[in-house]
Amino acid sequence: MRSFAARVLAAVCVAGSAGCAREPVVDVPVAEPIGAVIDEFPEPFTGPIRMVELRDGRLLLIDTRESRLLRLDFATGGVDSVSRSGDGPLEFRQSLFRLALAPGDSVWGYDLRRRRILVFSPDGEPLRGFSTIAADADREVTMNSPWMIGVDSAGRWLGYSLQLLDRPPMIEPGYLVLRVDPRSGRQDSITRLARPSNQRTEVGSQVVTNFEDRDAWTPLPDGRALVVRGAGYVVELHQPDGRVDTAGRIAHRRVPLTRADAERVRDSTAKQIGALVAATMANIPQLKDAPPPPTHVLPDPLPTQWPLLTEPEIAVDHQARAWVRVRTQPFDSGPTRFDVLDRDGRFVRAVELPAGELLVGFGRAHLFAARRDDDGLLWLRRYALP
């Protein structure tokens, strides 16, 4: 049965509202609050933080800015260091871009700077590492080496890469999703994901691309890739044999984009880029005569709606359910909605995290989120996994 709010909105549309004609009325399930916090780890982190739950219930966690790889025990509050930043065979350079569960309860960590995968035991001890760069010289290009996101039950890892071109704009639009067999080195292309492009006007101004639709994806443990197309919220399942199954369209409602909000994004972007350029030039005197950063302009025409998806990757819990983050307000000022899809891409429920909290990862029975305090530090929390 349609909700009272949906029936009222439908009546307004029938009365002749021009805005309703553009966005049909749909019944979008209400998001359920995640519930009460079970506990919070006694030590904060600088962040960003990434984690997996080990076989014994402890967490393997990377505190990126501090370059710390740690094991956490929520039961005791204990913390111990696992490895360190360096160039050794069991070390990582600065940080690990991703931690992922792998066959045999092992954990794989992706060292983005070295384009290597570091393999950990089920207890979180580093065991070995191997390169992800293809052997042939034509692929010995840093940006063409896929970035690992997950590992399937057969020991193949899935990731994505930007593809370089020999002509402007130098980077192929979209991300290429790949499946890699580390034993043979074979790379199979799965699909291409839409992403915000890099656009300049004829006079050299930079077009703000925050309002373009993007796709999102995640590897599943059985080797499939779940892809969500942002333009229509359509879910695809890409099979290991190359077949693509469409799971269908998920009910959703877009957030209207106003010019005032778009101008706020433009001004914020220009300020951030300007500050970054100024800091770089102050530290590198050779750049003092470099041209100023480009001015930022809004796309013309300006889209009427915000993109539905905000991130290129989707988190997956231990039940192989995909947690798709969808936009419900122009800016991150309220609770965060996640649509939970089952292993076949079908909608199960919607869950809401409190405002200001970030989804970090999952355990067998818990969801882990981080709240940010007034000093910008992150405090890791546990919730019961729905």
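Me: In which loop does Pro301 lie?

Reply: Pro301 lies in the loop between strand E20 (296-297) and strand E21 (315-316). Helices (H or I, at least four residues) and strands (E, at least two) are DSSP runs, numbered from the N terminus. This is a predicted model, in which local features need pLDDT of at least 70 and side-chain atom pairs count only at pLDDT 80 or more, while totals for chains, interfaces and linings use all residues. Residues are numbered from 1 along each chain as its sequence is written, and side-chain values use heavy atoms, with hydrogens and water left out.

Me: Which residues are joined by cis peptide bonds?

Reply: Most residues other than glycine have a negative phi, and most peptide bonds are trans. Here a cis bond joins Asp300 and Pro301, with omega about 10 degrees. Another cis bond joins Gly47 and Pro48, with omega about -15 degrees. Pro48 is placed in the loop between E2 and strand E3 (49-53).

Me: Is Ser95 buried or exposed?

Reply: Ser95 counts as buried, at 12% relative accessibility. The place of Ser95 is in the loop between strand E6 (78-83) and strand E7 (98-101). Leaving aside neighbours within four places in sequence, Ser95 is in contact (heavy atoms within 4.5 Å) with Arg50, Ile62, Thr64 and Asp111.

Me: What does the protein come to in secondary structure, and what share of its residues is buried?

Reply: The protein has three helices and 27 strands. Of its 386 residues, 45% are buried. Among the contacts with a separation of 6 or more, 46% are between residues 24 or more positions apart. The accessible surface, from the Shrake-Rupley method with a 1.4 Å probe (for residues, only the protein chains shown count as cover), comes to about 19,400 Å², of which 53% belongs to carbon and sulfur atoms.

Me: How many residues has the largest nonpolar core?

Reply: In soluble globular proteins, nonpolar side chains tend to be buried together. A nonpolar core is a set of buried Ala, Val, Leu, Ile, Met, Phe, Trp, Tyr and Cys residues joined through side-chain atoms within 4.5 Å. The largest one has 23 residues, and those with the most contacts inside it are Trp108, Ile117, Met148, Val151, Trp157, Tyr160 and Trp217. At least two residues of this core come from each of several strands, including strand E8 (107-111), strand E9 (116-120) and strand E11 (147-151). Apart from this core lies another, of 15 residues, among them Ile250, Leu309, Ile314 and Ala322.

Me: In what order do the four strands of the open sheet lie?

Reply: Two strands pair if DSSP finds at least two bridges between them. The order is E2-E27-E26-E25, with antiparallel pairing. Strand E2 (39-40) and strand E25 (357-362) are the edge strands, each pairing on one side only. Strand E26 (residues 366-372) and strand E27 (residues 378-384) pair over seven bridges, and the bridge partner of His366 in E27 is Ala384.

Me: Which residues line the largest cavity?

Reply: Rolling a probe the size of a water molecule over the atoms shows where empty space is left. On a 1 Å grid over the protein atoms alone, a cavity is a set of points where a 1.4 Å probe fits but cannot get out; lining residues have an atom within 4 Å of a point. The largest cavity is lined by Ala216, Leu309, Thr310, Glu311, Glu313, Ile314, Trp323, Val324 and Arg325. Strand E22 (residues 322-326) gives the most to this lining, with three residues.

Definitions and conventions. Buried means under 20% relative accessible area, exposed over 50%, partly exposed in between (1.4 Å probe, protein chains only). On a 1 Å grid over the protein atoms alone, a cavity is a set of points where a 1.4 Å probe fits but cannot get out, and a pocket is an open set with protein on both sides within 12 Å along at least five of seven lines; lining residues have an atom within 4 Å of a point.
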